[in-house]
Amino acid sequence: MTTISPITADDRPAWDALWQGYLTFYESDVPAEVSESTFQRILADDHIHGALARDEQGHPIGLVHWLTHPATWTTKVYCYLEDLFVAPEARGQGVGESLIGHVRDWARVFGATKVYWLTADDNATARSLYDRVATSTGFVHYEIELQP
Ligand SMILES: CC(C)(COP(=O)(O)OP(=O)(O)OC[C@H]1O[C@@H](n2cnc3c(N)ncnc32)[C@H](O)[C@@H]1OP(=O)(O)O)[C@@H](O)C(=O)NCCC(=O)NCCS
């Protein structure tokens, strides 16, 4: 059975493998100091939060990261689910859905009024899951890159 639990310092090698898998999926990379900072901020559980899905042996098979931010349309906060990744060999068994559910439950207790996330238009596998557990808003994402 899959369990979802906080990320601990001992999870660093397994988190690294999942994080790199996620970056590779997006044909991206980040400098080592960014990964180090991200991991430390998750451990501190301050602003950036994270959890791992683990298999029956406790081995990490998926990650999710999220954060909250104030918003003008509520006196409370919104919860942004930033990263979601499941190891290829563990996919199609509900792990991704469990990770999203974990963030939804956390956000509800925290007092956020919504959980939202972005995905690539052509990420059909992910969207199959998202269409089942969430509502597509139809918004289009724009950005202005300011720094490399
Ligand atoms: C998106 C992702 C997190 C889903 O994880 P998962 O554990 O497979 O999720 P679930 O098992 O809960 O649901 C997977 C969905 O894909 C479907 N699926 C179909 N074929 C599949 C396959 N070969 N492998 C995995 N999923 C498959 C499942 O049936 C399910 O669809 P459904 O909800 O309509 O039944 C995972 O595929 C992943 O890490 N992909 C690469 C990174 C990525 O796209 N992250 C999301 C960025 S926004």
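## Strands and their pairing

β3 and β4 form a hairpin with six residues between them. Here helices (H or I, at least four residues) and strands (E, at least two) are DSSP runs, numbered from the N terminus. This is a predicted model, in which local features need pLDDT of at least 70 and side-chain atom pairs count only at pLDDT 80 or more, while totals for chains, interfaces and linings use all residues. Residues are numbered from 1 along each chain as its sequence is written.

Strand β3 covers residues 60–70 and runs antiparallel to β4, with nine bridges joining them; two strands pair if DSSP finds at least two bridges between them. If you want a spot to look at, Leu63 has Phe85 of β4 as its bridge partner. β4 also pairs with strand β5 (residues 112–116), this time in the parallel sense and over four bridges. There, Tyr80 stands opposite Tyr116 in β5. Between β4 and β5 the chain passes through α3, and this β-α-β crossover is right-handed (with the strands pointing away from the viewer, the path from the first strand over the helix to the second runs clockwise).

## Around the ligand

Let's turn to the ligand. It is surrounded by 18 residues, and the closest are Arg91, Gly92, Val95, Gly96 and Glu97; a residue is near a molecule if its C-beta atom, placed from the backbone, lies within 6 Å of it. The elements giving two or more residues to this shell are β4 (77–86), α3 (95–110) and α4 (124–133). Of these, α4 gives the most, with five residues.

By type, the shell holds seven nonpolar, eight polar and three charged residues. In this scheme Ala, Val, Leu, Ile, Met, Phe, Trp, Tyr, Cys and Pro count as nonpolar, Asp, Glu, Lys and Arg as charged, and the others, Gly among them, as polar.

Val95, one of the closest residues to the ligand, belongs to helix α3. Val95 counts as buried because it has 22 C-beta neighbours inside 10 Å (20 or more other C-beta atoms within 10 Å make a residue buried, 12 or fewer exposed, and anything in between partly exposed, with C-beta atoms placed from the backbone). Leaving aside residues up to four places away in sequence, Val95 touches Thr2, Ala53, Ile61, Gly62, Val86 and Ala90; contact requires C-beta atoms, placed from the backbone, within 7 Å. Val95 and Thr3 are 92 residues apart in sequence, yet their C-alpha atoms are 8.9 Å apart in space.

## The nonpolar core

The largest nonpolar core has 23 residues, of which Leu63, Val64, Cys79, Leu81, Leu99 and Val103 touch the most other members. Such a core is a set of buried Ala, Val, Leu, Ile, Met, Phe, Trp, Tyr and Cys residues joined through C-beta atoms within 7 Å. At least two of its residues come from each of α1 (12–25), β2 (48–54), β3, β4 and α3.

Not counting residues up to four places away in sequence, its contacts are Gly50, Ala51, Leu81, Asp83, Leu84, Leu99, His102 and Val103.

Gln40 lies in helix α2 itself and is exposed, with 12 other C-beta atoms within 10 Å. Its C-alpha atom is 8.6 Å from that of Ala9, 31 residues apart along the chain.

Key. Contact = placed C-beta atoms within 7 Å.
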